[in-house]
Amino acid sequence: MLCKTSVARNIFRELNRRNIKYDSFSIYKFNAQKIFNIGAAACLLAIEFNYSNNNIQKPCNVYDFENFESPIEILNYSNGKILNFSLLEDNFYGKSCFEWRQGVKHDCSKIMELTFNGNCFINGNNEIVDIEKEYVFPLIKSSMFKQAVINVFSKYVIVTQTKIKEDTQPIKNVAPKTWQYLYRHLENFEKRKSSIYKNSPLFSMFGIGDYSFAKYKVGISGFYKNPFFALLDGSDKPIMTDDTSYFISFDNYDIAYLAMLFLNNRKVKQYLTQISFQDAKRPYTKQILNNLDFQKIIDIISFDDIIQTETELELQHYAEMFMYYEFKYYIKEKYNI
């Protein structure tokens with residue numbers, strides 16, 4: 001059967017989830033752009049079924065269509081997830097001691113997202129926006145994860161709540177110009193199609209909570225093929241990310257800085273590249289990141305590895321041995337070890 005590669009993986013997951021027996025499950029990847037002039041990742045899917053009761057589910061072998069001799073990947077099913085451990089030198093699979101979060105979701109970018117031109121805020125409709133700063137926060141969009149430490153911003157976002165379903169009426173008294181601006185664009189908010197906004201306060205957002213207002217975050221874009229983690233320095237004001245990004249939160253700069261270096265180490269990046277599906281729209285998802293075991297990471301990555309990562313990122317030397325051990329102690333406490 002010819003299908004998208006993502007569809008083939010979903011079939012593999014579903015057969016295992018339902019315990020449907022098969023003798024073999026193979027995916028043969030080919031260049032769909034070259035053959036069919038389409039941009040989607042596609043494959044030939046071949047399944048040989050077996051309905052005997054004693055058959056043990058087998059892995060999925062993934063081949064290059066032009067070379068059937070040996071698989072380029074071997075996918076396995078475990079606890080509802082598809083895992084690719086066949087090529088791993090280091091295995092960091094487990095449970096993260098941090099909860100990875102997605103950024104804010106508002107579905108009204110032309111009104112909520114602002115650019116500061118040096119004198120005033122400008123919205124997506126190229127209108128000058130004269131509002132108070134109480135509800136305006138720096139914003140890092142998924143495409144902006146390009147530096148290891150980010151503390152300079154060009155984009156901002158209006159954040160109307162500190163938690164989901166929170167009443168937004170206080171904005172009217174605390175920041176009347178902000179309320180007037182939002183209310184003037186009420187029609188834009190009412191056009192939002194997602195059901196999550198139904199029966200919610202005016203100008204509601206999602207992906208918001210205490211974690212959103214942490215002083216420091218270490219985040220990653222869900223879109224890039226090459227995993228890259230950035231430390232968002234919100235020491236002046238908490239930094240928000242958009243909902244195509246994922247992050248963990250910290251109150252201590254040194255701990256956040258070490259977390260960024262550990263995550264950007266080549267061993268962790270190689271692991272993430274190998275277990276992710278590079279043909280997916282978002283290779284790095286919350287599920288993948290929440291299965292990143294920091295205890296395994298700190299057991300394998302040395303202080304010399306950290307210094308090498310700092311150098312590769314072209315950062316001014318900041319990491320010290322005592323910070324490395326403080327971070328390891330911090331992680332062990334998170335895991336109650």
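Reader: Start with E14. What is its relative accessible area?
Author: E14 has 26%, so it counts as partly exposed. The cut-offs: buried is under 20% relative accessible area, exposed is over 50%, and partly exposed is in between, using a 1.4 Å probe and protein chains only.

Reader: And where do these values come from?
Author: This is a predicted model, where local features need pLDDT of at least 70 and side-chain atom pairs need 80 or more, while totals for chains, interfaces and linings use all residues. Numbering starts from 1 along each chain as its sequence is written, and side-chain values use heavy atoms, with hydrogens and water left out.

Reader: OK. Which side chain does E14 meet in a salt bridge?
Author: R18, at 2.9 Å from N to O. A salt bridge here is a side-chain nitrogen of Lys or Arg within 4 Å of a carboxyl oxygen of Asp or Glu.

Reader: R18, buried or exposed?
Author: R18 is exposed, with 54% relative accessible area.

Reader: How many salt bridges does the structure hold?
Author: It holds 10. One of them pairs R101 with E99, with the closest N and O atoms 3.3 Å apart. R101 is partly exposed at 24%, and E99 is partly exposed at 45%.
Author: Another of them joins the side chains of D107 and K105, also listed at 3.3 Å, N to O. K105 is partly exposed at 25%.

Reader: Which residues are joined into one network?
Author: E14, R17 and R18, through salt bridges that share partners.

Reader: Back to D107. What's its phi?
Author: About 55°, a positive value, although D107 is not a glycine. Most residues other than glycine have a negative phi. D107 is in the loop between strand 7 (101-102) and helix 3 (109-112). Helices (H or I, at least four residues) and strands (E, at least two) are DSSP runs, numbered from the N terminus. D107 counts as partly exposed because its relative accessibility is 39%.

Reader: What about the phi of N19?
Author: Near 60°, again positive, and N19 is not a glycine either. N19 sits in the loop between helix 1 and strand 2. At 46% relative accessibility, N19 is partly exposed.

Reader: Which side chain does N19 join in a polar contact?
Author: K21, at 3.3 Å. A polar contact is a pair of N or O atoms within 3.5 Å; within protein, one must be able to donate a hydrogen and the other to accept it, and residues adjacent in sequence count only if both atoms are side-chain atoms.

Reader: Where is K21?
Author: In the loop between helix 1 (5-17) and strand 2 (22-30).

Reader: How far from K21 is the nearest side chain of opposite charge?
Author: That is D23, 10 Å away. K21 is buried and has no salt bridge. For charges, Lys and Arg count as positive and Asp and Glu as negative; His and the chain ends are not counted.

Reader: Change of topic. Which residues are buried in helix 5?
Author: In helix 5 (residues 176-184), T178, W179, Y181 and L182 are buried. They are on the same side of helix 5, because they cover an arc of only 160° around the axis. The arc is that of the directions from the helix axis to the C-beta atoms.

Reader: And in helix 11?
Author: F303, D305, I306, T309 and E310 are buried in helix 11 (residues 303-312). They fall within an arc of 155° seen down the axis, so they line one face of the helix. D304 and T311 are exposed, on the face of helix 11 turned away from the buried side.

Reader: Why would buried residues line up like that?
Author: An α-helix has 3.6 residues a turn, so residues three or four places apart point the same way.

Reader: Which residues form the nonpolar patch on the surface?
Author: L2, I35, F36 and I38, with about 390 Å² of accessible area together. Areas come from the Shrake-Rupley method with a 1.4 Å probe; for residues, only the protein chains shown count as cover. Patch residues have over 30% relative accessible area and no salt bridge: like charges are joined within 9 Å, nonpolar side chains (Val, Leu, Ile, Met, Phe, Trp, Tyr) within 5 Å. I38 is in the loop between helix 2 (32-36) and strand 3 (42-49), and is partly exposed at 38%.

Reader: Last one. What does the protein come to overall in helices and strands?
Author: 12 helices and 17 strands. Buried residues make up 48% of the 337 residues. The C-alpha atoms fill a box of roughly 70 × 50 × 40 Å, taken along the principal axes.
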